[in-house]
Amino acid sequence: MIATAFNLPRLRVNRVLGGTIVALLIAVAVFGPYLAPYDPLALDLKARLQGPSTAHWLGADEFGRDVLSRLLYGARTSAWIAFATVAFSITLGLAIGIAAGYFRGWTDRLLMMVNDALLAFPGLLLALGFMAVFGASRWGIIVALGIAYTPVVVRVVRGTVMSIRESEYVEASQVMGNPEATTMIRHVLPNCAAPVLVLATTMFGWIVLSESALSFLGLGVPPPAPSWGNMLATGRPYIGQAPFLVIFPGLCISVTLLGVNMFGDALRDWLDPRMAA
Amino acid sequence: MGRFILARLATAIPTLLIVAITVFVLMRMVPGDPASLMLGDLAEPEQVAAMKHRMGLDEPIVVQFGVWLGNVLTGDFGHSITTGQAVLPLIIDKFRISATIVLIAVFFAVLIAVPAGMVAAWRQDRWPDYTVIAASTLFLSIPSFWLGLMFLLIFGLKLGWLPIVGYVPFSENFGDALLAILMPVGTLILHESGPLTRMARASTIEVARLDYITHARAKGLSEPAVIWRHAFKNAFAPTWTMIGLILGSLLANIAVIETVFTIPGLGRLLVDGIYARDYPVVQGCMLYIAFVYVAVNLLVDLVYPLLDPRVTA
């Protein structure tokens, strides 16, 4: 289900708009702090709950902190957490998935039994459980979401490895007497790249969403550090007086996810031409 | 058929066991031991030791797990540390609220998504298809909790059409209850119809390529007849599986919606339990939600052969 192509039309808009949004997100994550007009933690009680103005383009929050600056720093937080989580999850998933798919037999059966049982937890539920253990912190989120989404990676990698394993170049490498590890690293691993890259893009989106959901619940990025999710949570009580406090962070998350989803679709078209009708 | 059912049921047992182990281990990893947590900071070491003994925490971990599992299997999920209430009745109470919202929302989401997906497939690569894809990508990308907040802002605060806070049980006042869940349900319908539409569309396209569809067309059947009578039945099977996945995962994901609309459901119970470090409640909620998730997917699988008889072979 995860890696199905959904037979979507190969639209240029996916490539162009998706690519632009992703590029913009990366740029903001890297250069955001230099672009921010204010310190995202600087209090200014006179500006409290002020709407958008020339001084504060996107308004100021309940402590008078500049919303635009907080959004720019928040982009860095979200992008960094999502990137680290994807890296963590993919590394772990590749190791387990390749081992299961390559060795098969008992190794495979045992690993898959545990893996499938972990898949029996909805992703966010497992993450919530881990957050209960770690407490709200950045590293907590990375490990919690990373472990929660690893079973999906394992499934995809194992499936890919199973089909690669039957190919002639793997057989050739084995016949040549290469150690198992060499065959795996030199021949199996590189051929997992395409499906894993597509999965990583999709996961990036899930994790931005999950992190903002956790932060919205107060179990993600701890305040006062800004994240899009916790800005929504702290802005919620003021929704009547200062609706912009909830409008802008949500808009940022939505545009990011839209961009990542479209980019993911485009990447799949490009990397997996077999899926094209 | 009977063998299929038994085999499928048998696979659920190790899954549930590992789920139980995971939840148990996770809760034992929570910093601070349960006995001190229950007694508070001012407890004497002797009191803590006595409590530990009473709770069986001085037994080997495997024995503790066995005792705990035995209790769980007999429906004893322990008692809440903060309120002293029995956990299972509490969970079931909250589950009713969440399940009502989830079931209504998914029902309507399917009602919208399946026809939309099929129309898109039927008119593949033409404007109806593009419209449906654009809408589904959009709803897939908007976080449900933000969509909810925007509904709250527009329909609750600006237009004043719907109540902004407060959940009313159906047993109390049917009309008010319906009004109170209108926004949360509406939010979930839009959000969940995104992935369902994509799935319905993709599987219809797959099926439409098969020979028997070409044959049906060659017989001179009208296009709607081909789609509804021939393609629909086979195309629906993958969507059916996805409905199961969505139903189960929504029980956890609904925590954010319950937070937006202040609904005292299962998701909220879990999150509040985490805040209060009320580990029997957290443990119970996790186990219960995972169990329902497994059970729903099992049920979905068992019904699957009725949609696609090939799977029992």
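A helix here is a DSSP run of type H or I with at least four residues, and a strand is a run of type E with at least two. By that rule, chain B has 12 helices and zero strands. This is a predicted model.

## Chain B as a whole

Read chain B along its sequence. The pattern is α-α-α-α-α-α-α-α-α-α-α-α. Along its principal axes, the C-alpha trace of chain B spans about 85 × 55 × 35 Å. Chain B has 313 residues, and 40% of them are buried.

Next come its contacts. Take those in chain B with a separation of 6 or more. Of these, 71% are between residues 24 or more positions apart.

## Where the chains meet

How many residues of chain A are in contact with chain B? The number is 40, and they touch 43 residues of chain B. The largest share, eight residues, comes from α10(A). By class, this side of chain A has 30 nonpolar, eight polar and two charged residues.

## The core

The largest nonpolar core has 164 residues. Those with the most contacts inside it are A:Ala127, A:Leu128, B:Cys285 and B:Ile289. Which helix gives the most to this core? It is α10 of chain B (residues 223-260), with 17 residues.

Look at B:Ile289 in particular. Leave aside its neighbours within four places in sequence. B:Ile289 is then in contact with A:Leu125 in chain A. In chain B, B:Ile289 is in contact with B:Leu251, B:Ala252 and B:Leu266.

## A helix pair in chain A

Helix α10(A) also meets α1(A), which covers residues 12-35. Their axes come within 7 Å and cross at roughly 130°. That angle makes α1(A) oblique to α10(A). An angle has to be over 145 degrees to count as roughly antiparallel. The crossing of the two helices is left-handed.

Residues on both helices take part. From α1(A) they include A:Leu17, A:Gly18, A:Ile21 and A:Leu25. From α10(A) they include A:Val255, A:Gly259, A:Met262 and A:Phe263. The contact of α1(A) with α10(A) has 10 nonpolar, five polar and two charged residues.

## An enclosed helix

Is α9(A) largely enclosed or exposed, and why? Eight of the eight residues of α9(A) are buried, so this helix is largely enclosed by the rest of the structure. Being buried takes 20 or more other C-beta atoms within 10 Å of a residue's own. Among the buried residues of α9(A) are A:Trp228, A:Asn230, A:Met231 and A:Leu232.

What surrounds them? The buried residues of α9(A) pack against α2, α8 and α10 of chain A. They also pack against α7 (144-158) of chain B.

## Details in the loops

Start with a peptide bond in chain A. A cis peptide bond joins A:Pro223 and A:Pro224, with omega at about 10°. A:Pro224 sits in the loop between α8 and α9 (228-235) of chain A.

B:Thr262 has a positive phi although it is not a glycine. B:Arg277 also has a positive phi without being a glycine. The table sets them out.

| Residue | Phi | Loop in chain B | C-beta atoms within 10 Å |
|---|---|---|---|
| B:Arg277 | about 50° | between α11 and α12 (279-307) | 17 others |

B:Arg277 has 17 other C-beta atoms within 10 Å, so it is partly exposed.

Last, return to chain A. Where is A:Tyr38? It lies in the loop between α1 and α2 (67-103) of chain A. A:Tyr38 is partly exposed, with 19 other C-beta atoms within 10 Å. A:Tyr38 and A:Asp66 are 28 residues apart in sequence. In space, they are 6.4 Å apart, C-alpha to C-alpha. Leaving aside its neighbours within four places in sequence, A:Tyr38 is in contact with A:Asp66 and A:Ser69.

How values were computed:
Residues are numbered from 1 along each chain as its sequence is written. Chains are lettered from A and ligands numbered from 1 in the order in which they are written. This is a predicted model: local features need pLDDT of at least 70, side-chain atom pairs count only at pLDDT 80 or more; totals for chains, interfaces and linings use all residues. A residue is buried if 20 or more other C-beta atoms lie within 10 Å of its own, exposed if 12 or fewer, and partly exposed in between; C-beta atoms are placed from the backbone. Two residues are in contact if their C-beta atoms, placed from the backbone, lie within 7 Å. Ala, Val, Leu, Ile, Met, Phe, Trp, Tyr, Cys and Pro count as nonpolar, Asp, Glu, Lys and Arg as charged, and the others, Gly among them, as polar. Axes are lines fitted to C-alpha atoms, for helices over the stretch in contact, and angles run from 0 to 180 degrees between N-to-C directions. Angles under 35 degrees count as roughly parallel, over 145 as roughly antiparallel, 65 to 115 as roughly perpendicular and the rest as oblique. A crossing is left-handed if the near helix is turned anticlockwise from the far one by less than a right angle, and right-handed if clockwise. A nonpolar core is a set of buried Ala, Val, Leu, Ile, Met, Phe, Trp, Tyr and Cys residues joined through C-beta atoms within 7 Å.
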